[in-house]
Amino acid sequence: MIILGIESSCDETAAAVVVDGKKILSNLIYSQIEVHCKYGGVVPELASRRHVESIIPVIQESLHAASMTLDEIEGIAVTQGPGLVGSLLVGLSVAKSLAYVKDIPIIGVRHLEGHIAAIFLEEDNLRFPFVSLVVSGGHTSLYLVHGMDNYRLLGQTRDDAAGEAFDKVAKLLNLGYPGGTVIDRLAKEGNNEAIHFPRALITRNSLDFSFSGIKTAVLNYVKARPPELISAQLNDIAASFQEAVVDVLVIKTLEAALRNNVDKVVLAGGVACNTRLRTRLVRMAEDKGLQVFIPSPILCTDNAAMIAVVGDYYLTRGVRSSLELNAVSRWPQ
Ligand code: KG4
Ligand code: ZN
């Protein structure tokens, strides 16, 4: 099927055309970073307003880049949630209007399923089951995935998401928003053993995460020292903080795979762009005989191609949403 994917759950307005859940004809992402960076985080009302302005141009451009017209689109997949309601409603309203006017089947997609499914755009040989670590600004969750619509939550964060921790630490270091990429870059020139930040493993048995403690530890470290010293130590702080987060993510993910007797691990979500996380997970998984699959960075952060993959799966099986489809801000696990 030729699917138009639409994603507007946070601060990216995205549209993509994907054929048979495999072949990307176009994948456009309009980022609102310059709107939100001066506030150190996403301002929901500004995000909705920017989505309203950009969604039609992004869809038009996406169709153009795919050399398609709306008449050739066979299905519409749109993010239904979770996310910022005002942002989600923009994508949903446009998707529903197009579906109604052109009589195209539509499906509302769970954002998290999109992140996990992104890997199928690049990997032909990946078979279920696998363990997936979804790490983004809103999620830090481990799933045992038996199929596209068949997955079980194994563990999740009890407080901040890993991406949120990166963003908050970047903010307290005055590094701007979003923080993940800046910390990743600074850490490359730093010593990751310079400062010991705590690794919250909760209990050995649990596959849950907690990142609020490390954020507070960085805050306390910064507050206790003069600003000139902190400026001089930025690389070491970034590297040491990142190492502590990556340590916990890698340990729990490998543990989840071993405990469930699966030999494949899929990394997903915006934090999966992190270079240290990618290399450490691959290296440590190899030692344990596990195979690791990670999408290209452009498919890890929010995009509409991943939403189209999930949409294709459901629509080809005859599952579709009604035109009463509404946004879901929090999706039960
Ligand atoms: O998946 P995503 O684009 O949006 C959500 O669904 O949340 O993830 C965004 C998150 C942000 O918190 C951002 O700081 C983080 O992913 N991120 C990174 C990196 N690139 C993006 N975190 C660490 N290292 C990176 N290279
Ligand atoms: Zn996301």
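**Around ligand 1**

Tutor: By class, the shell around ligand 1 holds five nonpolar, 13 polar and three charged residues. Here Asp, Glu, Lys and Arg count as charged, and Gly is among the polar ones. This is a predicted model, where local features need pLDDT of at least 70 and side-chain atom pairs count only at pLDDT 80 or more, while totals for chains, interfaces and linings use all residues. Residues are numbered from 1 along each chain, and side-chain values use heavy atoms, without hydrogens and water.

Student: Ok, which residues come nearest to ligand 1?

Tutor: Gly-137, Asp-167, Asp-184, Asn-274 and Asp-302, out of 21 around ligand 1. Being near takes a heavy atom within 4 Å.

Student: How far is a polar side-chain atom of Asp-167 from an oxygen atom of ligand 1?

Tutor: 2.7 Å. A polar contact is a pair of N or O atoms within 3.5 Å. His-111 has a polar side-chain atom 3.2 Å from a ligand 1 oxygen. For His-115, an N or O atom of the side chain is 3.2 Å from an oxygen of ligand 1.

Student: And how much of ligand 1 does the protein bury?

Tutor: 90% of the 550 Å² that ligand 1 exposes when taken alone. Those areas come from the Shrake-Rupley method with a 1.4 Å probe.

Student: New topic. Which helix gives the most to the shell?

Tutor: H6, with four residues. Helices H4 (111-117), H5 (162-172) and H6 (179-187) each supply at least two. A helix is a DSSP run of H or I with at least four residues.

Student: Why does ligand 1 lie between domain 1 and domain 2?

Tutor: Because domain 1 (2-116 + 300-315) and domain 2 (127-294) both give residues to its shell. The domain bounds come from an automatic or database assignment.

Notes:
Chains are lettered from A and ligands numbered from 1 in the order in which they are written. A polar contact is a pair of N or O atoms within 3.5 Å; within protein, one must be able to donate a hydrogen and the other to accept it, and residues adjacent in sequence count only if both atoms are side-chain atoms.
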